Amino acid sequence: MVAFSSILLALGSTAAVLATPLKLITERSTPQGTGTNNGFFYSFWTDGQGSVTYNNEDAGKYSVSWNNVGNFVVGKGWNPGGAKVVNYNGTWNAANVNSYVSLYGWTKDPLIEYYIVESYGSYNPSSGTTKKGTVTSDGGTYDIYQTTRTNQPSIIGTSTFQQFWSVRQVKRVGGTVTTQNHFDAWAKAGQKLGTHDYMILATEGYHSSGSASIQVAGP
């Protein structure tokens, strides 16, 4: 015969075990949108196609997994962005599909979307564009490009705007990015930024599946 107290103890232990995963799910699951987490700004945008699971984690760390997406961009950083020395590291399991790891941000007046691309998968984002120069920074050389987006989503709604690109010639996932070096090189090439809005160390996927875990730090 089992004592009543033993039954209560067993039930209590079972409830504790069941409660733990539910608590973790609540803490780790992040809805689409923007906000702050552990002292960092974060952004999670998706066009709604396929599935994307984004998790804010300790300090500047985040993880993301995606499956058969249309397009998404996630990451942690700062709002506003600007001249910073950004350090990051992590893993990116998307080297053979259409995906980027980049320092990604926006300015207003003029409205500019910019990328400092550290690594890309099956598609080079500079394809079909004209190179406007190079910049050597943080142990690597980046090719500079400019493209136009017409009637596309932006931080102020659907709009037409310019994209500025620095694409690293030798890919990496981890290191230092000195943003002012790129801003200066873009300005020298006639690519003028506006007033800084947010800037994140981003993972982006386009018509692909994959996963990443990134840790960002900086001033």
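Mentor: Strands are DSSP runs of E, at least two residues long, numbered from the N terminus. This model is predicted. In it, Ser63 has its place in strand 4, residues 61-67.

Trainee: Why is Ser63 called buried?

Mentor: Buried means under 20% relative accessible area. Ser63 has 13%, so Ser63 is buried.

Trainee: What makes the pair Ser63 and Glu57 a polar contact?

Mentor: The limit for such a pair of N or O atoms is 3.5 Å. The two side chains make their contact at 2.7 Å, and that value is within 3.5 Å.

Trainee: Why is the pair Lys61 and Glu57 called a salt bridge?

Mentor: A side-chain nitrogen of Lys or Arg has to be within 4 Å of a carboxyl oxygen of Asp or Glu. For Lys61 and Glu57 the closest N and O atoms are 3.9 Å apart, so the pair counts as a salt bridge.

Trainee: Are Lys61 and Glu57 buried or partly exposed?

Mentor: Lys61, with a relative accessible area of 30%, is partly exposed, because that class lies between 20% and 50%. Glu57 has 14%, which is under 20%, so Glu57 is buried.

Trainee: How many salt bridges are found in the whole structure?

Mentor: The search finds 4. One of them joins the side chains of Glu118 and Arg172, at 2.5 Å from N to O. Glu118 is in strand 8 and Arg172 in the loop between strand 11 and strand 12, 54 residues apart, so the pair is one that links distant parts of the chain.

Trainee: Why do Glu118 and Arg172 count as buried?

Mentor: Glu118 has 1% relative accessibility and Arg172 has 16%. Both values are under 20%, so both residues are buried.

Trainee: What makes Asp143 and Lys131 a salt bridge?

Mentor: Their closest N and O atoms are 3.6 Å apart, which is within 4 Å. Asp143 lies in strand 10, and Lys131 in the loop between strand 8 and strand 9. Asp143, at 12%, counts as buried, whereas Lys131, at 47%, is partly exposed.

Trainee: How do you know that strand 10 and strand 11 pair?

Mentor: Pairing needs at least two bridges found by DSSP. Strand 10 (residues 140-152) and strand 11 (residues 159-168) have 9 bridges, in the antiparallel sense, so they pair. The bridge partner of Tyr142 is Arg168, in strand 11.

Trainee: What makes strand 1 and strand 9 edge strands?

Mentor: The open sheet has 9 strands in the order 1-2-5-13-7-8-11-10-9, with mixed pairing. Strand 1 (33-37) and strand 9 (133-137) each pair on one side only.

Methods: Residues are numbered from 1 along each chain as its sequence is written. This is a predicted model: local features need pLDDT of at least 70, side-chain atom pairs count only at pLDDT 80 or more; totals for chains, interfaces and linings use all residues. Side-chain values use heavy atoms; hydrogens and water are left out. Helices (H or I, at least four residues) and strands (E, at least two) are DSSP runs, numbered from the N terminus. Buried means under 20% relative accessible area, exposed over 50%, partly exposed in between (1.4 Å probe, protein chains only). A polar contact is a pair of N or O atoms within 3.5 Å; within protein, one must be able to donate a hydrogen and the other to accept it, and residues adjacent in sequence count only if both atoms are side-chain atoms.
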